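Trainee: Could you take me through one part of this protein in detail? I would like a close look at a single helix and what surrounds it, please.

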Amino acid sequence: MLSGFVLVNAIKKQYQLGYVLSRFVRLYVPILGAVILAYILSLIVQRNPNNYPSWWMNAHAAKFGFSDFVRNALVIDGTNWLNSSLWSMRYEILFSLLVLIFINRKFEKSIQKFIVYFGITLISMAIFMHFGFDILAWLPVFICGTLLWFLVPLKRHAGKVLVLGILLILIPWYLAGFGYSLGAIFNRVVIAYRDWE
């Protein structure tokens with residue numbers, strides 16, 4: 001969400017081509033450095049799977065080849081255990097391009113258009129999470145951050161802006177953070193109600 005909020009400023013301050021070039025340099029230089037370091041360490045420190053007490057340590061003890069290096073350096077196809085901490089970079093890169101389309105939408109002065117975009121974003125997020133489309137399920141979280149930026153100029157609708165702002169922050173976190181399922185939503189409501197009593 002923070003990336004979605006911040007990227008609007010970056011785009012507004014420069015030409016779109018300049019934004020794309022600077023964004024890719026800013027993202028890919030650290031990614032490449034991290035993957036090179038992880039690959040070198042995997043070659044130096046040899047580890048054998050099935051020698052460790054947990055599945056997590058055994059999974060990280062896998063042997064990695066050059067194809068793993070390329071996959072982790074590009075990150076678009078996701079990462080593996082070579083450098084799993086870069087898992088969210090695929091969303092960051094894809095959203096960095098997607099926001100160029102989204103930024104051209106004009107709804108700063110219309111609370112109705114804003115609510116429609118917000119509703120479409122949340123519905124698409126719920127649908128994609130329900131059907132297991134991982135990449136499309138996480139991108140709306142970035143879009144909600146961008147929507148938050150556009151919410152600021154709508155000051156004359158102070159009450160609505162406050163409610164929408166709280167929803168923009170909480171609902172994507174709720175869906176993405178816990179994983180979507182109708183049963184889970186029902187269970188959380190019941191648990192919250194029972195705890196409140």
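Mentor: Happy to. A word we will need is "buried", which stands for under 20% relative accessible area, while exposed is over 50% and partly exposed is in between (1.4 Å probe, protein chains only). This is a predicted model, in which local features need pLDDT of at least 70, side-chain atom pairs count only at pLDDT 80 or more, and totals for chains, interfaces and linings use all residues. Residues are numbered from 1 along each chain as its sequence is written, and side-chain values use heavy atoms, with hydrogens and water left out.

Let us start with the setting. The protein has nine helices and zero strands; helices (H or I, at least four residues) and strands (E, at least two) are DSSP runs, numbered from the N terminus. Of its 197 residues, 38% are buried.

The part I would pick is helix α4, residues 66-74, where Asp68, Phe69, Asn72 and Ala73 are buried. These residues lie on the same side of α4, because they cover an arc of only 130 degrees around the axis, taken from the directions from the helix axis to the C-beta atoms. Part of their cover comes from α2 (16-44).

Rings of Phe, Tyr and Trp (its six-membered ring) pair if their centres lie within 6.5 Å; planes under 30 degrees apart count as stacked, over 60 as edge-to-face and the rest as tilted. Tyrosine 39 and phenylalanine 69 make a tilted pair, with 5.4 Å centre to centre and 55 degrees between the planes. Since tyrosine 39 lies in helix α2 and phenylalanine 69 in helix α4, the pair ties together parts that are 30 residues apart in sequence. Both partners are buried: tyrosine 39 has a relative accessible area of 17%, and phenylalanine 69 has one of 15%. Ring pairs also bring in Phe66, giving a cluster of Tyr39, Phe66 and Phe69.

The count of aromatic pairs comes to four. Another of them is formed by phenylalanine 24 and tyrosine 28, whose ring centres are 5.9 Å apart with planes at 40 degrees, so this pair is tilted. Phenylalanine 24 and tyrosine 28 are four residues apart in helix α2, and therefore separated by about one helical turn. Phenylalanine 24 counts as partly exposed, at 25% relative accessibility.

Now follow the chain out of the helix. Just after α4 comes valine 75, with a positive phi of about 55 degrees although this residue is not a glycine. Valine 75 sits in the loop between α4 and α5 and counts as buried, at 0% relative accessibility. Asparagine 83 belongs to the loop between α4 and α5 (89-102), and at 10% relative accessibility asparagine 83 is buried as well. Where does asparagine 83 make contact, leaving aside its neighbours within four places in sequence? Its contacts (heavy atoms within 4.5 Å) are with Ala34, Val35, Ala38 and Asn72. Asn72 is one of the buried residues of α4, which brings us back to the helix we began with.
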